[in-house]
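Please examine the following model with its sequence at hand.

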Amino acid sequence: MLLIKNGILVNTGSKNPLQQVDILVSGKKIVKIGKNLTATKAQLINAKGRIITAGLIDLHTHLRDPGFTSKETIASGSAAAALGGFTTIVAMPNTQPRMDTAEKIKSFLARAKSEGVVNILTTGNLTQNGEGKLLTNFAALKKAGVKILTDDGCGDSHPQDLEVEKKLIAAAKKVKLPVMMHAEDSEMKCNTHLHAGVVAKKLGIRGSSAECETVMIERVLELLRKNPTPYHFTHLSAAGSVDLIRVAKKRGLPITADTTPHHLTLTEKAILDSGTLAKVNPPLRSEAHRKALIAGVKSGVIDAIATDHAPHLAEEKNCEFTKAAVGLVGLETAFAVLYTDLVKRKLLTLPQLIEKLTTAPAKILKLKAGEIKVGKEADITIWDIETAYKIDKTKFASKGRNTPWNGKKVFGKATDVIVGGKIVVKAGKLV
Ligand SMILES: [Zn+2]
């Protein structure tokens, strides 16, 4: 048994979202929540002055395993997740081999269970080898354990052919699996991963416009109007995307969306300071886009926040901007960056932020996780939000060091993390 004493529980759905409580865990489950709880022989965690939340859930983690284990492994990626306060992560399918058959999914999930320190779920490819042409067997993937279908990071990152899109919508609807879309038009995109704005102009590199994202979303919304099925738009970067999702949700389409900590806290100007470390896809855009994304998160048009954790080798970033790899590591910095730059600046409340990182992703994936309630699995994170510290990439558990936030002064550190009743992080260190 485990007894957490005197922490402030952030309850996202409640009218009184911040309350001091004790939480008793027995086996894998939360068995009691209340005041002045006692339990003989229980292991004690003193959470006085600390915040307690459900363990965070990341909808979008590039775990790189199998195939690219010099960048990250199930073990290193899940350790990074735990240190960042995440108790559940969803692996992306752009591994080698791709996650496009039931056999590969089963083998990955079996390894994830034995080698990971947090709950690891997986996406499955929409198309064979992620090539955007022939659909995978959605029913078989679902049976093997896939929670959501996407081609993110494979080939064009999403099928570009409208006939393929129509087919995948119908097939996903039939098996009741949600689809996740990386929205990027392959003809309009330009591989520089720089927003077509002031920085692209300054560097003399051709930029990629926001329409590259919005035209793809528009195209799918048109098809979903005729054949609605749960559809999730990931890592939104553009103001126009927020507008499209808002209108489509008003019309009752069963769609959801997320954006990332970097799109909410950085703009294209980060490239002037951080160079290739701020090279991401979709690209960081202007302040007007960033503001629209924050407003979207606040109003609920954007349901969730996902890291798009994308570890790379140092040499893949220590090169010319146009040749550098795309993406940044996010699991160990997500909460701190969001808490420091959005909550402390009063752009979001703490319960709002926690909802975007727990209950909202759980709902999208139809998981029973994401809430602190009696009877629920004990996936719990305890946070110190009072002590300032500097992000230090040399201390990451992730093999990736590609962060634009190294040295940034932040607040918000996971001190204790409990996964299924088991302590995996204690006093800020992996157990
Ligand atoms: Zn993507």
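The paragraphs below take up these topics in turn.

The structure is a predicted model, in which local features need pLDDT of at least 70, side-chain atom pairs count only at pLDDT 80 or more, and totals for chains, interfaces and linings use all residues. Residues are numbered from 1 along each chain as its sequence is written, and side-chain values use heavy atoms, with hydrogens and water left out.

Helices and strands are DSSP runs numbered from the N terminus (helices H or I, at least four residues; strands E, at least two). Helix α1, residues 74–83, is mostly covered, with nine of its 10 residues buried. Here buried means under 20% relative accessible area, exposed means over 50%, and partly exposed lies in between (1.4 Å probe, protein chains only). The buried residues of α1 include I74, G77 and L83. Contact is defined as heavy atoms within 4.5 Å. The partners against which the buried residues of α1 pack are helix α2 (102–115) and the strands β7 (86–91), β8 (119–124), β15 (409–419), β16 (422–426) and β17 (429–430). Just after α1, G85 adopts a positive phi of about 90°.

D65 and P66 are joined by a cis peptide bond with omega of about 10°, and P66 is placed in the loop between β6 (56–61) and α1. Another cis peptide bond joins N281 and P282, with omega of about 0°; P282 belongs to the loop between α9 (270–274) and α10 (287–299).

Two residues other than glycine have positive phi values: S157, near 75°, and K366, near 55°. S157 lies in the loop between β9 (148–149) and α4 (162–175), whereas K366 is found in the loop between α14 (359–365) and β14 (380–390). S157 counts as buried because its relative accessible area is 6%. K366, by contrast, has 61% relative accessibility and therefore counts as exposed.

Salt bridges come next. The criterion is a side-chain nitrogen of Lys or Arg within 4 Å of a carboxyl oxygen of Asp or Glu, and by this rule the count comes to 19. In one of them, the side chains of E377 and K29 meet at 3.8 Å, N to O. This pair links distant parts of the chain, 348 residues apart: E377 is in the loop between α14 and β14, and K29 in strand β3 (residues 29–34). E377 is partly exposed because its relative accessible area is 33%, and K29 is partly exposed at 38%.

K71 and E316 form a salt bridge at 2.9 Å, N to O. The two residues are 245 apart and connect distant parts of the chain, K71 in the loop between β6 and α1 and E316 in helix α11 (residues 314–317). K71 counts as buried because its relative accessibility is 11%, while E316 is partly exposed at 24%. In the salt bridge between D392 and K395, the closest N and O atoms are 3.5 Å apart. D392 is partly exposed at 27%, and K395 is exposed at 66%. D65, which takes part in a cis peptide bond with P66, is also linked with R111 and E115 in a network of salt bridges.
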